[in-house]
Amino acid sequence: MRALKIAGAAVAAIIVILALLLFVGVPSGFLTSQMTDRVERETGYRLTIKGATRIGLWPTLNVTLHDLTLQDPKDRETSNRLTVGSVQADITLASLWSGKPHITELKVNHPVLYRPLLRERDQFPNAPSRSTKSGTSDGENIAIDRISVTDGGVVLSNLHDRVEKHIDGINADVRIGADRHVKITGTARANEQPLKFDIKAVAPTPPLERQNIPVELTLDAPGSLDAPLMAKAEVRLNGAIVMINGVTGTLGDAAFNGWASVDMASKPLVKLDLDFQRLDVAMAKAPADQSGSQGSQPWSNATFDLNGINYVDAQVRISAAELNVGQARFAPAAIDATLAGGVLKCGFPNLAAYGGQVNGQLLIDATTGNPGFALASDIVGVRALPLLQSAADFDKLDGKMQAKISVRSYGMSQRAIMSNLNGTVFANFQDGAIRGLNVAQMIRNLTASTLSGWQEGNEQATDLSQLSASFRIDKGQAVTTDLNLVGPLVKMTGAGTIDLGTKQLAFRVEPKLVMTTEGQGRASDPVGLGIPVMIDGPWAQPRIYPDMAGILDNPDAAYAKLKEMGKGLFGANGGGLGGLSGLMNGLGGGNAGGNSAGGGGEQSDQLGKLGETLGNLFQQGIGRGRGIPTQNPPAEAPAASAPPPAQAPAQGQNDPPQQQDSQPMNDVLRQLFNR
């Protein structure tokens, strides 16, 4: 009886222990050494299990491992490894007895792949040694239905450069069918930008190396791609090289085809050749002010990071029947680029653009902390308006454009690059127009007041036969001495400086108006305004005013120009400036044309208007010249421009009336011309 009680107690104890094991799990630390040995023998990588290991019996048979690390034993650094928070494998009990484990689900929590960023390619990379044992490997005998990855990540780092890049939040679901069809769906964050991926493949029987694997990819990355990417290809593994052949697909609604390869043995080497029907490249647009103008906004001082191009080498060729960069359109286009050692060379030998051709080369050197840039380009026969409007949001110039650009700079922001710019630029526009501006009207308006801004109007325009200038740029200061504008009704030459960093202008121009409908083609020279014009201030809203200092520097020449302008306006017999004593009565309140009769009344009226205009011009500009006060000279100083007083003979009825002398005009001429 006592024996029965002892046996009953033992059975009860065993039942309790089995129940606990069903819920708590069987400690299985003794299995870890065998697992790590098998992994290193089969793959060449060392598996370290630092956390707890257990076997669970409820609700299904499962094995859970915590805190795993997989790395190359020859790698002394820790920048090339895989860490996993935990792995749980749910296994059918029947499959264990058959010797072919069937894993219904493999749950991988918080896996993080660490990869080093290398500046130089290793010609002889150390690859982990693999077992060359013949026969069927254990991997072929394991069947997995589903793999779920939660909170995964990739960390790319270079300890020497103190650089670290992250891909975070990787969540993926992998389903493997009995026919070896694999479907992978998931999401992630790259540089804080979301992405979503969907991959379909057909896995061949092991070993996978040197076998074609059909793959379909759908990628949605709003921060990097304007539209979803869908592609099909044949992928083949050849050691550390992934070969991607027969690539076809669409980017948005534009089809493409080509091939690619990636060598992952050391520093990645990417080779890519793609041909697109249409390729759209988005460009960030500068913010506009309240008036809608972007030119008044300063260059952005936000820094950009190009350091990443130091850690990958590439050979890329991209061709497209139509290439759209921002709003600029090139059709067709071909671009060849090489990236090696942190230096990117991008050549565009023959871009067709708006009826012309664009070719050149862009170089970016990111080997230092302050990247350098160089651009050399020729633009021939391109229509200026759509190119400048789409590429630079500048819609004021139209015509056939020819340009040569050779510039270089350095910096980590737009403002730094523009302020450090050096090189030369030549631009020539022919048979076009300056849109929104009437240059001839602006010049005439200068005789009444100083202008603020470009006096833009939707209905205004200035036809031009040619507009050209060459610039020499040094530290963001673009200097020209040969600005030349020729149009049917206006001609202008000038020189000045553009501060590219601060968007400021400082120009001195010599405008000339053509007062006949024959324009520049007539035999005589165009009529000069007689006064240089200054243009300075912000290039979106400059101040435009006469350069009175230029008149005072050479009064004889200015006086001659005014006489020439008088002849051009009113003819050789119109009095020119010989009758200035009368036409300036507007300054003194008199009527310049009051003493004229018959046909002379109209001419005198015109002269009076010209006198009033010139008087306004002189009065508003004297203060800018040399600060000369507008006061009468001493009585003993004779006025050279006024005739000496004399007793006038009596006039007959048929004698022409004499114009009255104007003391205000005499005062102006004394101060301006010392006459």
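Below is a short chat about ring contacts in this predicted model.

Colleague: How many aromatic pairs does the structure hold?

Modeller: There are 2 aromatic pairs; rings of Phe, Tyr and Trp (its six-membered ring) pair if their centres lie within 6.5 Å, and planes under 30 degrees apart count as stacked, over 60 as edge-to-face and the rest as tilted. This is a predicted model, where local features need pLDDT of at least 70, side-chain atom pairs count only at pLDDT 80 or more, and totals for chains, interfaces and linings use all residues. Residues are numbered from 1 along each chain as its sequence is written, and side-chain values use heavy atoms, leaving out hydrogens and water.

Colleague: OK, how do Phe-256 and Phe-276 pair up?

Modeller: They're tilted, 5.2 Å centre to centre with 35 degrees between the planes. Phe-256 is in strand β15 (residues 254–263) and Phe-276 in strand β16 (residues 269–276), 20 residues apart; strands are DSSP runs (E, at least two residues), numbered from the N terminus.

Colleague: Is Phe-256 buried or exposed?

Modeller: Buried, at 7% relative accessible area. That term means under 20%, with exposed over 50% and partly exposed in between (1.4 Å probe, protein chains only). Phe-276 is buried too, at 8%.

Colleague: And what about Phe-304 and Phe-373?

Modeller: Their centres are 6.4 Å apart and the planes are at 80 degrees, so that pair is edge-to-face. Phe-304 is partly exposed at 29%, while Phe-373 is buried at 17%.

Colleague: Switching topic, which ring does the charged end of Lys-503 sit over?

Modeller: Trp-299, at 4.3 Å from the ring centre. The cut-off is NZ of Lys or CZ of Arg within 6 Å of the ring centre and within 35 degrees of the ring normal.

Note on methods. Helices (H or I, at least four residues) and strands (E, at least two) are DSSP runs, numbered from the N terminus.
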